[in-house]
Amino acid sequence: MCDINHMGLETPRIVNRTFTFEETRKRTRECLDVSIPEVLDVQYGMYVWPSAVVLAQYVWTQRLDLKDKVVLELGAGVSLPGVVAAKCGAKVILSDNANTLLCQHNSKRSCDANGLHDVVTLPLTWGEISADLVLLPPLQVILGSDLFYDPEDFEDILVTVAFLLRKNPSAQFWTTYQERSADWTIEGLLRKWKMMCVNIGLESFHANKCELAGSSLPGSHSIQMMKMILRTEEDM
């Protein structure tokens with residue numbers, strides 16, 4: 001899995017994976033190829049997860065609305081959804097944990113592989129109100145795939161999302177996640193941080209299949225998608 005460089009140190013092997021998003025409208029076929037360099041490493045953010053492919057598919061179907069919008073991806077890792085958004089004309093900011101520099105480097109590598117040289121990458125740690133978080137420009141869309149992986153992180157993620165939505169009241173948080181336990185829930189945390197969510201059926205954007213974007217992901221995994229927004233006084 002690793003090569004030896006000229007200094008005798010192991011360097012991780014990179015494998016490029018291509019994802020093809022396509023849609024036919026009125027006999028016109030539109031297609032987008034995205035190349036994602038994956039690092040064969042145990043760290044989460046080094047390769048594409050099934051939920052990322054589903055979220056990227058949704059981004060692709062919303063490409064006309066996303067053009068020129070400012071989009072932030074949280075926990076971006078190899079950044080498939082963010083890269084698709086950028087290729088569709090959005091102004092994208094990619095972020096990952098300030099303590100995982102390798103994941104941030106992977107985001108930059110994915111941008112370079114797709115000729116995206118204007119995409120900004122930032123260190124943002126969930127639950128921390130950092131200067132980078134406060135100084136973000138106005139946002140229209142926030143992306144996050146499989147952020148709800150460890151229940152210990154759930155509230156930190158929602159603290160960050162709530163902060164961003166309060167700064168950008170008309171923004172939406174688009175997120176996909178893989179069902180891993182029927183006992184895990186964020187309903188109480190959504191009420192606590194005054195947010196609400198709407199489930200988006202995968203069939204509504206042609207993602208309810210085992211093979212997607214030319215890959216075997218999401219396979220047999222059970223993936224869900226939802227949008228989060230601020231809860232208004234009328235909703236309370």
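Two strands are said to pair if DSSP finds at least two bridges between them, and the close-up views below, taken from a predicted model, begin with such a pairing.

**View 1. Strand 5 beside strand 6.** Strand 5 (residues 70-73) and strand 6 (residues 91-96) run parallel and are joined by four bridges, with Val 70 standing opposite Lys 91 of strand 6. Together with helix 3 (residues 80-87), these two strands make up a β-α-β unit that is right-handed.

**View 2. Strand 5 beside strand 8.** Strand 5 also pairs with strand 8 (residues 141-145) in the parallel sense, here over three bridges, and the bridge partner of Glu 73 in strand 8 is Leu 143.

**View 3. Surroundings of Leu 80.** Leu 80, which has its place in helix 3, counts as buried because its relative accessibility is 1%, where buried means under 20%. Leaving aside neighbours within four places in sequence, Leu 80 is in contact with Phe 19, Phe 21, Val 34, Ile 36, Val 48, Ala 52, Val 53 and Ala 56. The C-alpha atom of Pro 151, 71 residues apart from Leu 80 along the chain, is separated from that of Leu 80 by 23 Å.

**View 4. Cys 197 and Cys 210.** Cys 197 counts as partly exposed at 32% relative accessibility, and Cys 210 likewise counts as partly exposed, at 48%. The structure holds zero disulfides.

How values were computed. Residues are numbered from 1 along each chain as its sequence is written. This is a predicted model: local features need pLDDT of at least 70, side-chain atom pairs count only at pLDDT 80 or more; totals for chains, interfaces and linings use all residues. Side-chain values use heavy atoms; hydrogens and water are left out. A crossover is right-handed if, with the strands pointing away from the viewer, the path from the first strand over the helix to the second runs clockwise. A disulfide is a pair of cysteine sulfur atoms within 2.5 Å. Buried means under 20% relative accessible area, exposed over 50%, partly exposed in between (1.4 Å probe, protein chains only). Contact means heavy atoms within 4.5 Å.
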